[in-house]
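User: Please take me through this model in short questions and answers. I will ask about cores, contacts, salt bridges and surface.

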Amino acid sequence: MFFIVWGWRGRQKAIANGQFFCPDCGDHREYKLIAVNRWFTLYWIPLFKGKELGQFVECQSCKSTFNARVLEFDPKAERETFEAEFSIAAKRVMFKMALADGEIDESEITQITQAFSNIAKREIEAADIAAELEAARDDTRSVKDFVSDISGTLNDVGKETVLRAAISVVKADGQVDQEEVVQLHELARALDFPRAYANGIFAEERIPVLA
Ligand SMILES: [Zn+2]
């Protein structure tokens with residue numbers, strides 16, 4: 001009996017290399033971008049190339065492999081974007097809360113300026129304050145609605161930052177009344193905070209926990 005043995009197998013070929021941020025190594029490393037092609041074989045010998053089956057990236061240090069999209073991953077840039085997002089959110093929440101009881105006063109401005117520099121790790125300028133106050137006034141959403149809209153873009157650290165920023169504004173006048181406590185709890189709910197996590201923050205900030 002005589003067979004002609006046809007088959008195919010995937011063959012890997014490095015098509016590019018360079019430096020990337022390896023999520024497993026947690027640092028910049030050499031990578032190879034590897035294409036996998038189907039090769040048709042005759043008696044197990046590759047004879048001609050078929051279609052490309054896919055590509056992956058291989059870290060040359062730890063040998064972990066990743067989807068090729070890993071090459072677009074830049075943790076530094078992403079951290080900056082994230083920081084910008086929660087800073088913007090915290091700032092808007094603080095101004096909206098300060099505006100909620102009518103006009104914004106000097107002590108609230110001082111408090112917000114202080115809280116914002118702590119969050120953003122930079123000074124907030126007078127022009128920024130004026131612009132943000134204007135934007136917070138024009139944004140007709142309630143604090144709760146605003147926060148519901150942005151909560152999906154924040155992780156737990158970002159949510160905590162926003163909640164603590166709101167608490168700092170409430171505390172600015174030296175007393176926290178029942179209405180403000182209710183408002184903070186509504187805010188925590190709108191942020192879609194895990195309840196135990198939010199209550200931990202409230203306890204730490206000496207804000208009464210609601211039943
Ligand atoms: Zn690696």
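User: Which residues does Q60 touch, not counting residues up to four places away in sequence?

Analyst: This is a predicted model. Q60 sits in the loop between β3 and β4 (65-67). Leaving out residues up to four places away in sequence, Q60 touches E30, Y31 and K32.

User: How far apart in space are Q60 and Y31, C-alpha to C-alpha?

Analyst: In sequence, 29 residues separate Q60 and Y31. Y31 is also among the residues that Q60 touches. Their C-alpha to C-alpha distance in space is 5.3 Å.

User: Is Q60 buried, partly exposed or exposed?

Analyst: Buried requires under 20% relative accessible area, and exposed over 50%. Q60 has a relative accessible area of 25%, so Q60 is partly exposed.

User: What is L163 in contact with, leaving aside its neighbours within four places in sequence?

Analyst: L163 is one of the residues with the most contacts inside the largest core. Set aside its neighbours within four places in sequence. The contacts of L163 are then L184, L187, A188, L191, F193, I201 and F202.

User: How many residues are in the other core, the one with C22 and L33?

Analyst: This core lies apart from the largest one. C22, L33, V57 and V70 are among its members. C22 counts as buried because its relative accessibility is 0%. The size of this other core is 8 residues.

User: How many disulfides does the structure hold?

Analyst: A disulfide needs two cysteine sulfur atoms within 2.5 Å. C22 is buried at 0% relative accessibility, while C62 is partly exposed at 32%. The number of disulfides in the structure is 0.

User: Which helices hold E132 and R92?

Analyst: Side chains of opposite charge can pair when their charged atoms come close. The side chains of E132 and R92 do meet in a salt bridge, at 2.7 Å, N to O. The pair ties together parts that are 40 residues apart in sequence, because E132 and R92 lie in separate places along the chain: helix α3 and helix α1.

User: Are E132 and R92 buried or exposed?

Analyst: The cut-off for buried is under 20% relative accessible area. E132 has 9%. R92 has 15%.

User: How far apart are the closest N and O atoms of R164 and E204?

Analyst: R164 lies in helix α5 and E204 in helix α7, so their pair ties together parts that are 40 residues apart in sequence. R164 is partly exposed at 22%, and E204 is exposed at 57%. The closest N and O atoms of their salt bridge are 3.3 Å apart.

User: Where does E205 lie?

Analyst: The side chains of R164 and E205 meet in a salt bridge at 2.8 Å, N to O. E205 is buried, with a relative accessible area of 17%. This pair links parts of the chain 41 residues apart, with R164 in helix α5 and E205 in the segment after α7.

User: How far apart in space are E125 and E103, C-alpha to C-alpha?

Analyst: E125 lies in the loop between α2 and α3. E125 is exposed, with a relative accessible area of 54%. E125 and E103 are 22 residues apart in sequence, and their C-alpha to C-alpha distance in space is 20 Å.

Methods
Residues are numbered from 1 along each chain as its sequence is written. This is a predicted model: local features need pLDDT of at least 70, side-chain atom pairs count only at pLDDT 80 or more; totals for chains, interfaces and linings use all residues. Side-chain values use heavy atoms; hydrogens and water are left out. Buried means under 20% relative accessible area, exposed over 50%, partly exposed in between (1.4 Å probe, protein chains only). A nonpolar core is a set of buried Ala, Val, Leu, Ile, Met, Phe, Trp, Tyr and Cys residues joined through side-chain atoms within 4.5 Å. Contact means heavy atoms within 4.5 Å. Helices (H or I, at least four residues) and strands (E, at least two) are DSSP runs, numbered from the N terminus. A salt bridge is a side-chain nitrogen of Lys or Arg within 4 Å of a carboxyl oxygen of Asp or Glu.
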